[in-house]
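Hi there,

Here is the structure I promised to pass along. Have a look at it first, and then read on for what I found in it.

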Amino acid sequence: MKRSYGDDSVRSNLLQNKVVLDKKDVESIIDSILFDWNEIGDPEANFEEMIEWNVEQFLSHNSGNELKRISRNEARKMKLKRFTYKDYPAYSKEEPKFFSMSDSNKDGWQSVEYWM
């Protein structure tokens, strides 16, 4: 199987699940999938299910509570909701998963937006 097909499939799965990963993390998932498919190879295997399983495994083993930085355009493409603390009080279980920063204002400060 060609790497480009695996790359497209993994990125599509991540986009569907609204997951943003570094390029290095995406590459490691693709490498794992290609190894499983090309080297181990199961004639009865379903490629889409294998992608879902590999992504889920990666996220369950590598996800922390840290925020990931994304651009506003990425937030719009993923249709994320803007997170405001007045909408979600401290006792709420909801927490932001992403943040983006605006350009510097006249006073030199940047504003931060949180997304979920």
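**What the model shows**

The protein chain has four helices and four strands; both are DSSP runs numbered from the N terminus, with H or I over at least four residues for helices and E over at least two for strands. Along the sequence, the pattern reads α-α-α-β-α-β-β-β. Please keep in mind that this is a predicted model, in which local features need pLDDT of at least 70 and side-chain atom pairs count only at pLDDT 80 or more, while totals for chains, interfaces and linings use all residues. Residues are numbered from 1 along each chain as its sequence is written, and side-chain values use heavy atoms, with hydrogens and water left out.

Two overall figures may be handy. Of the 116 residues in the protein chain, 30% are buried (buried is under 20% relative accessible area, exposed is over 50% and partly exposed is in between, with a 1.4 Å probe and protein chains only). Among contacts (heavy atoms within 4.5 Å) in the protein chain with a separation of 6 or more, 55% join residues 24 or more positions apart.

**The cores**

The largest nonpolar core has 14 residues, and those touching the most other members are Val10, Leu14, Leu21, Val26, Ile29, Ile33 and Ile51. By nonpolar core I mean a set of buried Ala, Val, Leu, Ile, Met, Phe, Trp, Tyr and Cys residues joined through side-chain atoms within 4.5 Å. At least two residues of this core come from each of helix 1 (3–16), helix 2 (23–40) and helix 3 (47–62). Apart from it lies another core of seven residues, including Ala75, Met78, Leu80 and Trp115.

Helix 1 has 14 residues and spans 20 Å from its first C-alpha to its last, close to the 20 Å expected at 1.5 Å a residue (the expected span is 1.5 Å times one less than the number of residues). Its buried residues are Gly6, Asp7, Ser9, Val10, Asn13 and Leu14. What does Asn13 touch beyond its neighbours within four places in sequence? Asn13 is in contact with Ile51, Glu52 and Val55, and it counts as buried because its relative accessibility is 7%. Helix 1 is followed by Lys18, whose phi is positive, near 55°.

Helix 2, with 18 residues, reaches 25 Å between its end C-alpha atoms, close to the expected 26 Å. In helix 2, Asp25, Val26, Ile29, Ile30, Ile33 and Leu34 are buried. Leaving out residues up to four places away in sequence, Val26 touches Val10, Arg11, Leu14 and Leu21. After helix 2 comes Gly41, with a positive phi near 50°.

The two helices pack at about 125°, with their axes 10 Å apart. Axes here are lines fitted to C-alpha atoms, for helices over the stretch in contact, and angles run from 0 to 180 degrees between N-to-C directions. Helix 1 is therefore oblique to helix 2 (under 35 degrees is roughly parallel, over 145 roughly antiparallel, 65 to 115 roughly perpendicular and the rest oblique). On the helix 1 side, the contact residues are Arg3, Gly6, Asp7, Val10, Arg11 and Leu14.

Lys79 lies in the loop between helix 4 (72–77) and strand 2 (82–83). Although not a glycine, Lys79 has a positive phi of about 55°. Lys79 counts as exposed because its relative accessibility is 68%.

Best wishes
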